[in-house]
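Okay, thanks everyone for coming. Let me put the thing up on the screen and then I'll walk you through it.

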Amino acid sequence: MSEPRIAKGRAREDVEGIRALISNHKRKDLMFALLGMAALGLAAVTFIALFTGMVMDGASRLSPDFFTNFASRRAENAGILAAWVGTFTVMIVTAAVAVPLGVASGIYLEEYAPRNWLTDLIEININNLAGVPSIVYGLLALGLFVHTFGLGASVLTAGLTLALLILPVVIVATREAIRAVPGMIREAAYALGATRWQMVQHHVLPYSMPGILTGVIIGLSRAIGETAPIVTIGAVTFIAFLPPAPVTADPPFLSFDWLSSPFTAMPIQIFNWTSRPEEAFQANASAAALVLVVMTLIMNALAIWLRYRLRKNLKW
Amino acid sequence: MTADEQKPDPSTLPKKAEAKDLSFYYGSKRALKQINLPIYEHRVTALIGPSGCGKSTFLRCFNRMHDLYPGNRYEGEIRLLPDNVNLLAPEVDPIEVRMRLAMVFQKPNPFPKSIFENVAYGLRIRGINARSELDDRIEKALKNAALWNEVRDRLDDLATNLSGGQQQRLCIARALASEPELMLFDEPTSALDPIATGSIEELIHQLRDQVTILIVTHNMQQAARVSDFTAYMYLGDLVEFGWTDDVFFRPKQKQTEDYITGRFG
């Protein structure tokens, strides 16, 4: 005959056994939390140490002159004018090329491409391209843009090279953003009689814009710090003039000569200064590195803000 | 439909559409087996049956939603009357079909845009962009969907901030705005609470004066409440079709009776 257990409740020892078990489980929970905190702390401390080091070494060099002077043989006169203008113009070319190509490719792959072996092959290769070392892009660009097309070690060449480099990032981000748009929204548009392009243009593209923009900016923040490919294509390390202005006094008032101008860029300038023996140039390198890091942080902050702004109105 | 209401012989009623020997395949899987079903004009026809019986699949044939996904194949015809066009014919553009028919989905799916733009969307892709015409037709559609009084002062607000029931009525307004010939409802209240469900059912009942309605429902009481005709489907077959109260109170097939009385399903 079995005991009526429900009415009697559990025995005292039984409850204590459960409590011991729970406290054992909670101890493991706490241990993992501590481990996670330690891992995060290590990353944060490393970054803070690097950043503080740069600030301590370089902050004294940060002055308006540092931004408006060209590089110089004398450390105290040297500035990053050519470098930041070079980086800025190269980034404009990179964005202008990588965004339309990457977004269009992403839309095609997600919304138009038939599901077959060729599409699969392209997909696999795009993912592989994201992992190709940047120097390989530099070698490709040297052969293709510099020698075959004769574009020289110009802003255009560097922009195209870095655009190729970040293209996989933009494509993957676009596809992920597009995939996040629910199928029922697509069906709603189709059921009203929309064509595929109307559906993409009126719905998928606007709703996936936050994700696409985030991907673009992450890609650009990667490109801004790339050194190897632009060294490979032959960017100069010392330059004392700016590319020609894009706006001119004479008709047609627009000039694209700056595209074919030689250039230097922030990472090259930093690398160049670090390789100097003099202490004062090390300070310059730290200051320039600080500027580059801040540029990247600003871009990331912009990405976060844009994503927040655009996502506020998006829910399904 | 009240019991004492006169029920004419269905064969004398005007038809809005008719499925003829309709079969449908997902790849090699046959999901619909030679369905023959008339859809009577200005009547509500309910499709009932257990999950997986093919009722939603059947509904989605009407506006060619299956064309959006690869590997789907239709056999047979769906004739839209009075012009007797076969909606499933390969030479008929699915976009043309979707311009003439409208659909309301299982879960409310307003676009994350303003209330106004949601209702305007169907009109805009039909080339109607004049503000005065849009205003008139949107007001009319929202009134028909019994939503106008709740949203008239906030047409520029986000549609996704409305309650679930309001969102579904907005989707009905969006579908109504382009004056469809036939409206397809795919379990329109399955994501809604009982009160919102009641208002949608009442709306469907009122709408039949303007438009022919085909509704899929998993809820038998709902079919009994809103429909004039009921079709019972099982495993891709149309088992029984007739006046709703005949199907519910005097089913001809044992299988229908078992489903309706809750013995299975």
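Predicted model: local features only at pLDDT ≥ 70, side-chain atom pairs only at ≥ 80, totals over all residues.

Tyr234(B) belongs to a stretch we'll call strand 9, residues 229-234 of chain B, and six bridges tie strand 9 to strand 10 of chain B. The two run antiparallel.

Which order do its strands take? It goes 6-7-8-3-9-10 in chain B, six strands in an open sheet, and the pairing is mixed. Strand 6 and strand 10 (237-243) of chain B are the edge strands; each has a single partner strand, so one side of each has no neighbour in the sheet. On average, neighbouring strands in this sheet are turned by 15° against each other, if you ignore direction.

Chain B has another sheet for us. This one is open too, with four strands in the order 2-1-4-5, and here the pairing is antiparallel. At the edges you find strand 2 (29-40) and strand 5 (85-86) of chain B, each with a single partner strand, so again one side of each is left without a neighbour in the sheet. As for what sits against this sheet, helix 1 of chain B, residues 55-62, packs on it and touches strand 1, strand 2 and strand 4 (72-80) of chain B. The direction of helix 1 makes about 65° with that of strand 2 of chain B.

Follow the hairpin with me. Strand 1 of chain B, residues 15-26, is joined to strand 2 of chain B by eight bridges, antiparallel. Lys15(B) stands opposite Tyr40(B) in strand 2 of chain B, and Tyr26(B) stands opposite Lys29(B) in strand 2 of chain B. Between the two strands there are two residues, and Gly27(B) takes a positive phi near 60° in this hairpin.

Okay, chain B as a whole. The tally is 10 helices and 10 strands. Is the chain compact or extended for its length, going by radius of gyration? Well, for 265 residues a compact globule would come out near 18 Å, and chain B has 18 Å, so the two agree. The C-alpha trace spans about 55 × 45 × 35 Å along the principal axes of chain B, and 46% of the residues in chain B are buried. If you take contacts in chain B between residues at least 6 apart in sequence, 68% of them join residues at least 24 apart.

Over to chain A. For 316 residues, a compact globule would have a radius of gyration near 20 Å, but chain A has 27 Å. Its C-alpha trace spans about 105 × 60 × 35 Å along the principal axes. Buried residues in chain A come to 34%. And of the contacts in chain A with a separation of 6 or more, 78% are between residues 24 or more positions apart.

A quick example from chain A: Leu121(A), in helix 5 of chain A, residues 117-129. Leu121(A) has 10 other C-beta atoms within 10 Å, and the cut-off for exposed is 12 or fewer, so Leu121(A) counts as exposed. From Leu121(A) to Leu306(A) is 185 residues along the chain, and their C-alpha atoms are separated by 33 Å.

Now the core. There are 149 residues in the largest nonpolar core, and those touching the most other members are Ile166(A), Val170(A), Ala288(A) and Ala173(B). Helix 7 of chain A, residues 155-179, supplies the largest share of this core, 17 residues.

Notes: Residues numbered from 1 in each chain as written. Chains lettered and ligands numbered in written order. Pairing = 2+ DSSP bridges. Contact = placed C-beta atoms within 7 Å. Axes fitted to C-alpha atoms, helices over the stretch in contact; angles between N-to-C directions. Rg over C-alpha atoms; globule rule 2.2 N^0.38 Å. Buried ≥ 20, exposed ≤ 12 C-beta atoms within 10 Å, placed from the backbone. Core = buried A, V, L, I, M, F, W, Y, C linked by C-beta atoms within 7 Å.
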